[in-house]
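Let's walk through this model together, one question at a time. Have the sequence and the 3D view open as you read.

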Amino acid sequence: MELNGEQLIATPIPEVWKGLNDIDVLAKSIPGCEEISRISPEEIHAKVMFKIGPVRARFAGKLFLSDVIPDQSCSMAFEGSGGAAGFAKGRSRVELKSVEGGTLISYTTEASIGGKLGQIGGRMISASAKKIADDFFQRFAKELGGEVVSLDSGAETD
């Protein structure tokens, strides 16, 4: 599965970057987040409750940051397990650009999903993933005191 998109947040890059690296801001922004902790500058652990199609599960996941260029971009590798519901793992790239009106966040994500989640149709998984991403950016912008305007509906494929 691929998920790509862009979001314009009406907040300057330094504040957006700081928010993306603030565990408290992330905890309030990630839909279903129950627990999040920074293990090291490059590693974050989280427990999140997700509902994807008919499957509802608590996922324990790890996020590993790499290729970090402050105020510009980073790459992430992630893996999560939801017990009997299945697992997800993949890579994502996030880039920030200063534009009129705030910060343009561009993201690309490639993920593989297995278990019960892997049996759900690709369109349903893509739609759920897109909704989770949109919800994240809405909450994130609110935490930063700004607003978000979706510039791109995103491109999803199986």
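Helices (H or I, at least four residues) and strands (E, at least two) are DSSP runs, numbered from the N terminus. This is a predicted model, where local features need pLDDT of at least 70, side-chain atom pairs count only at pLDDT 80 or more, and totals for chains, interfaces and linings use all residues. Residues are numbered from 1 along each chain as its sequence is written, and side-chain values use heavy atoms, with hydrogens and water left out.

Q: Which strand holds D67, a residue with a positive phi that is not a glycine?
A: The phi of D67 is about 50°. D67 is exposed, with a relative accessible area of 53%; exposed means over 50%, buried under 20% and partly exposed in between (1.4 Å probe, protein chains only). D67 is found in strand 4 (residues 55-69).

Q: Where is D71, and is D71 buried or partly exposed?
A: D71 lies in the loop between strand 4 and strand 5 (73-81). Its relative accessible area is 30%, so D71 is partly exposed.
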